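Biologist: Let's go through this model together. I'll ask, you answer.

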Amino acid sequence: MLKITRKYMRLYGLFIKNCLIAQMEFRGNFMMSLIVESVYLLAKLLYVLVVFRTDLHVDGIPPEGLLLFIGMHTVMTGIYVGVFFTNFMKIPEYIKDGSLDLMLTKPVSLQFMASLRYVDLALPIPDILVGFVMIGIGWHAMDIPLTFLQLAGFGLLLFIGVIITYCLMIIPALLSFWFVQTGSVSEIAHSVWDANNFPMAIYPAWVRRIGTFVIPLFLITNFGPMFLLGQLNWLYGGLALTASLVLFAVVRLLWNQAVKGYSSASS
């Protein structure tokens, strides 16, 4: 297992290196991506201005505490657009033009190749930097101790959020194995994603239950800040870990079933 893990880590390192070389060949596009994403992020930061100007409190959480949730959502958005978005958008293309046939011949996991091949190194930079700055400001303003336990717990929940993001957002791409057009499903997924940048307490109880136990979207951006604020017990922490493992197993099963039914575009 350790040998296999090292093999895939080296391979992913090569993916990143190749993507960086390709993007550096067109530095103008790289800088334009940075500028465009920064402008988009600036528009999103208007939420923060409104929160502070109206002195918004959500479930007893002051504006400084809300920065933890908005920052977490911004960081996860950066990770999603940098690591997953391009790959998930390309999977339907692989199926339609037969590129998946070539990937099937590679001596590595097809799912790994198809879903992690490309890394955008420009788009996520503004989101991740600004997101962690907001988390840091909220952390300090709420007088949260900077201890190993707090850092480790938050880091673990951040990692769990990345796994859940992968599992939930790849589902529209997986549907491409059975349906020709899945763009509308992706649009819905992205709309729901954007609705997750505030504490789940703003939603009715039935929405919170669905977003926690059925489609665990709230686990991505809510559980980390809730842990820092002392609002997350160990039972829900275990739920987050279990949900990430179960979701990954389900996605793995769906991928295997999809590939079994895949017929080459060139056949």
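Modeller: Contact means heavy atoms within 4.5 Å. The model is predicted: local features need pLDDT of at least 70, side-chain atom pairs count only at pLDDT 80 or more, and totals for chains, interfaces and linings use all residues. Residues are numbered from 1 along each chain as its sequence is written, and side-chain values use heavy atoms, with hydrogens and water left out.

Biologist: Which residues does Phe 223 touch, not counting residues up to four places away in sequence?

Modeller: Skip the residues up to four places away in sequence. Phe 223 then touches Leu 157, Met 200, Thr 212, Phe 218, Leu 232, Tyr 236 and Ala 240.

Biologist: Is Asp 127 buried or exposed?

Modeller: Asp 127 sits in helix α7 (residues 124-141). Beyond four places in sequence, the residues it touches include Glu 37, Thr 74 and Val 81. Buried means under 20% relative accessible area, exposed over 50%, partly exposed in between (1.4 Å probe, protein chains only). Asp 127 has a relative accessible area of 0%, so Asp 127 is buried.

Biologist: How many Å apart in space are Leu 116 and Ile 95, C-alpha to C-alpha?

Modeller: Leu 116 belongs to helix α6 (residues 110-116). In sequence, Leu 116 and Ile 95 are 21 residues apart. In space, C-alpha to C-alpha, they are separated by 16 Å.

Methods. Helix = DSSP H or I, 4+ residues; strand = E, 2+ residues; numbered from the N terminus.
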